[in-house]
Amino acid sequence: MLPKLNVVPFVSVDSMMKLVNTVGVERFLVELAGFVEADFKRWESFDKTPRVASHSAEGVIELMPTSDGEVYGFKYVNGHPKNTREGRQTVTAFGVLADVGTGYPVLLTEMTILTALRTAATSALAAKYLAPKGARTMAIIGNGAQSEFQALAFKALLGVDRLRLHDIDSSASRRCARNLADFGFEVTICSTVEEVMLGAEIVTTVTADKQNATILTDNMVGPGIHINAVGGDCPGKTELHADILRRSGIFVEYPPQTRVEGEIQQLPVDYPVTELWQVMTGAAEGRVNSRQITLFDSVGFAIEDFSALRYVREQLARTGLYEELDLLADPDEPRDLFGMLLRANQPAAA
Ligand SMILES: NC(=O)c1ccc[n+]([C@@H]2O[C@H](COP(=O)([O-])OP(=O)(O)OC[C@H]3O[C@@H](n4cnc5c(N)ncnc54)[C@H](O)[C@@H]3O)[C@@H](O)[C@H]2O)c1
């Protein structure tokens, strides 16, 4: 049978939710982390560029492209911290994979849910290399849309099963705890940052605020902790006091992007950092001792989205969880695009 050249597989939000629930969210996170790790280990085979950001007073819209020479991928994503007040998400996204040989898209998918999954999978993967061995207790500061995904990825990949939650809006912490009730965590809701840090071996900061916030100050961070800093991901949008950075081993995705968007925008442009992919290949050291503070300065890089798109595409044939989208014009004679338009306006032949 000839392929339908007009058709691109499309994964709607509904199909994505069915896919995640069919696979199981924890297994999905583990398998997705495997795809991210495999792609980070072949880092040098990718075209890389900092994402293209369009900033406004309220937020940012970004395009995140990359290619491994055979497949091209990009994500459209926004970040608008005030959106939740009007019933909208802070972050929404969709993405495309395309065949480099023909330029034809091979997948169009929602990526709002997929971004939360890939961000969490990447965070937990980084922690696998950087967090103190056997860590079971994680503090999560900022208990919004990303938070449950982060918790589940750390459980699935590292065995974290004690959570300490803090949010300036305590209803967000209660909702997070409720959503995670059946996943086997021991959850403590804390009213202050000082309290949430007690006994935490890992801290995830995942707040949304378009400013240089100081979610954590230096005195709150004891030796040996792993910091998974997710919420600071734009120029002028950070979460950690700069003194913490100076005491930490800092690990980043793609330095040209992170130096502009990450916590390290607060440091000189030549401040030494380690690229995460090099830790994964063994070219650089991860955690060096049990007292070191390790910091994953996460901003989210295009290769993680590429891995997520690749993973989703691999699930389609098996699960059938997609629709056929009539996305590409496909005239019988390729150069007769206008003829196809004219014929579409004619009454159907008797
Ligand atoms: N690094 C990445 O790859 C990546 C990926 C996705 C999202 N993000 C970022 O993560 C952040 C969170 O995203 P989300 O979708 O969960 O947003 P969200 O709006 O759903 O949740 C954010 C939560 O942070 C809380 N908060 C804000 N300021 C706080 C403070 N000072 N102390 C404690 N809590 C505070 C809010 O009350 C809210 O509950 C955003 O900044 C987003 O841009 C980063």
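Leaving aside its neighbours within four places in sequence, with which residues is Asp167 in contact?

**View 1. Surroundings of Asp167 in a predicted model.** Beyond those sequence neighbours, Asp167 is in contact (heavy atoms within 4.5 Å) with Gly142, Asn143, Gly144, Ala172 and Ser173. Asp167 sits in the loop that runs between strand E8 (162-166) and helix H5 (170-179), where helices (H or I, at least four residues) and strands (E, at least two) are DSSP runs numbered from the N terminus. Its side chain reaches the backbone nitrogen of Asn143 at 2.7 Å. Asp167 is buried yet has no salt bridge, and Arg175, the nearest side chain of opposite charge, is 6.6 Å away. Here buried means under 20% relative accessible area, exposed over 50%, and partly exposed in between (1.4 Å probe, protein chains only); a salt bridge is a side-chain nitrogen of Lys or Arg within 4 Å of a carboxyl oxygen of Asp or Glu. Lys and Arg count as positive and Asp and Glu as negative, while His and the chain ends are not counted.

View 2. Of the 24 residues around the ligand (a heavy atom within 4 Å), Thr90, Asp167, Asp233, Lys237 and Ser298 come nearest. An N or O atom in the side chain of Thr90 is 2.7 Å from an oxygen atom of the ligand, and a polar side-chain atom of Lys237 also lies 2.7 Å from a ligand oxygen. From the backbone, an N or O atom of Ala145 lies 2.9 Å from an oxygen atom of the ligand. The ligand taken alone exposes 860 Å², of which the protein buries 88% (Shrake-Rupley method, 1.4 Å probe).

View 3. Glu31 and Arg27 meet through their side chains in a salt bridge (2.7 Å, N to O); being four residues apart in helix H2 (residues 25-40), they are separated by about one helical turn. Glu31 is partly exposed at 26% relative accessibility, and Arg27 is partly exposed at 46%. A salt bridge also joins the side chains of Lys128 and Glu37 (3.5 Å, N to O), linking distant parts of the chain, with Lys128 in helix H3 (residues 112-130) and Glu37 in helix H2, 91 residues apart.

**Notes.** Residues are numbered from 1 along each chain as its sequence is written, and side-chain values use heavy atoms, with hydrogens and water left out. In this predicted model, local features need pLDDT of at least 70 and side-chain atom pairs count only at pLDDT 80 or more, whereas totals for chains, interfaces and linings use all residues.

Conventions:
A polar contact is a pair of N or O atoms within 3.5 Å; within protein, one must be able to donate a hydrogen and the other to accept it, and residues adjacent in sequence count only if both atoms are side-chain atoms.
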